[in-house]
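Thanks for coming, everyone. Please put the structure up on the screen, and we will walk through it together.

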Amino acid sequence: MRTAAKRDENEPEIIAALQAIGAKVKQLSQKDCPDLVVGFRGRISLIEVKMPGKPLRPGQKDFHGEWMGFPVYVARSPLEAIQQVSK
């Protein structure tokens, strides 16, 4: 079992921005699962944090496909993360 996930450099600023708007954020560390589970305005969102220009890995794409009907967002900036949880 994986014990420490490699985090993207932009993740701390994305978490801080989400918390600044009142969201609850929990980091996840399981291989190919999204990086964050976010609670905001009575909804739960799954967010994969990526650095700009970095694609999803094949296992991450598979995870997104397995969660049909439950959106998994990809955020590359704080603004993108806020827009996604505010939909």
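Does Asp-32 count as buried or exposed? Keep in mind that this is a predicted model. Asp-32 has a relative accessibility of 18%. The cut-off for buried is under 20%, so Asp-32 counts as buried. You will find Asp-32 in the loop between E1 and E2.

Most residues other than glycine have a negative phi. Asp-32 is not a glycine, yet its phi is positive, about 70°. Arg-41 is another case: its phi is positive, about 55°, and it is not a glycine either. Arg-41 belongs to the loop between E2 and E3. What about its surroundings? Arg-41 has a relative accessible area of 68%. Exposed means over 50%, so Arg-41 is exposed. There is also a glycine to note. Gly-22 follows H1, and its phi is positive, near 95°.

Now to the core. How many residues does the largest nonpolar core have? It has 13. Those with the most contacts inside it are Ile-14, Leu-18, Leu-36, Val-38, Ile-47, Ala-81 and Val-85. Which elements supply it with at least two residues each? They are helix H1, residues 11–20, strand E2, 36–40, strand E3, 43–49, strand E4, 72–75, and H3.

Let's pick out Val-85. Val-85 lies in helix H3, which covers residues 78–85. Val-85 counts as buried, because its relative accessibility is 3%. Which residues does Val-85 touch, leaving out those up to four places away in sequence? The list is Leu-18, Ile-21, Val-38, Phe-40, Arg-43, Ser-45 and Ile-47. Look at Ser-45 in particular. Along the chain, Val-85 and Ser-45 are 40 residues apart.

Next, Ala-81. Ala-81 is in helix H3 too. Its relative accessible area is 0%, so Ala-81 is buried. Leaving out residues up to four places away in sequence, Ala-81 touches Ile-14, Leu-18, Ile-47 and Ala-75. Compare that with Phe-70. Ala-81 and Phe-70 are eleven residues apart in sequence, and their C-alpha atoms are 16 Å apart in space.

On to the helices, starting with H1. Glu-11, Ile-14, Ile-15, Ala-17 and Leu-18 are buried in H1. Viewed down the axis of H1, those buried residues fall within an arc of 165°, so they line one face of the helix. Here is the general idea. An α-helix has 3.6 residues a turn, so residues three or four places apart point the same way. On the other side of H1, Pro-12 and Ala-20 are exposed. What covers the buried residues of H1? The cover includes strand E1, residues 24–27, along with E2, E3, E4 and H3.

H3 is next. Its buried residues are Ala-81, Gln-84 and Val-85. They cover an arc of only 90° around the axis, which puts them on the same side of H3. The cover over these buried residues includes H1, E2, E3 and E4.

How do H1 and H3 meet? Their axes come within 8 Å and cross at roughly 45°. That makes H1 oblique to H3. The crossing of H1 past H3 is right-handed. Which residues make the meeting? From H1, they are Glu-13, Ile-14, Ala-17 and Leu-18. From H3, they are Pro-78, Ala-81, Ile-82 and Val-85.

H2 runs over residues 58–66, and its buried residues are Gly-59, Gln-60, Phe-63 and His-64. They cover an arc of only 145° around the axis, which puts them on the same side of H2. Pro-58, Lys-61 and Glu-66 are exposed on the other side of H2. What covers the buried residues of H2 includes E3 and E4.

Let me close with a quick return to the core. Ala-81 and Val-85 are among the residues with the most contacts inside it. Ala-81 and Val-85 are also among the H3 residues that meet H1. Trace those two on the screen, then find Ile-14 and Leu-18 in H1, which take part in the meeting with H3.

How values were computed. Residues are numbered from 1 along each chain as its sequence is written. This is a predicted model: local features need pLDDT of at least 70, side-chain atom pairs count only at pLDDT 80 or more; totals for chains, interfaces and linings use all residues. Side-chain values use heavy atoms; hydrogens and water are left out. Helices (H or I, at least four residues) and strands (E, at least two) are DSSP runs, numbered from the N terminus. Buried means under 20% relative accessible area, exposed over 50%, partly exposed in between (1.4 Å probe, protein chains only). Contact means heavy atoms within 4.5 Å. A nonpolar core is a set of buried Ala, Val, Leu, Ile, Met, Phe, Trp, Tyr and Cys residues joined through side-chain atoms within 4.5 Å. The arc is that of the directions from the helix axis to the C-beta atoms. Axes are lines fitted to C-alpha atoms, for helices over the stretch in contact, and angles run from 0 to 180 degrees between N-to-C directions. Angles under 35 degrees count as roughly parallel, over 145 as roughly antiparallel, 65 to 115 as roughly perpendicular and the rest as oblique. A crossing is left-handed if the near helix is turned anticlockwise from the far one by less than a right angle, and right-handed if clockwise.
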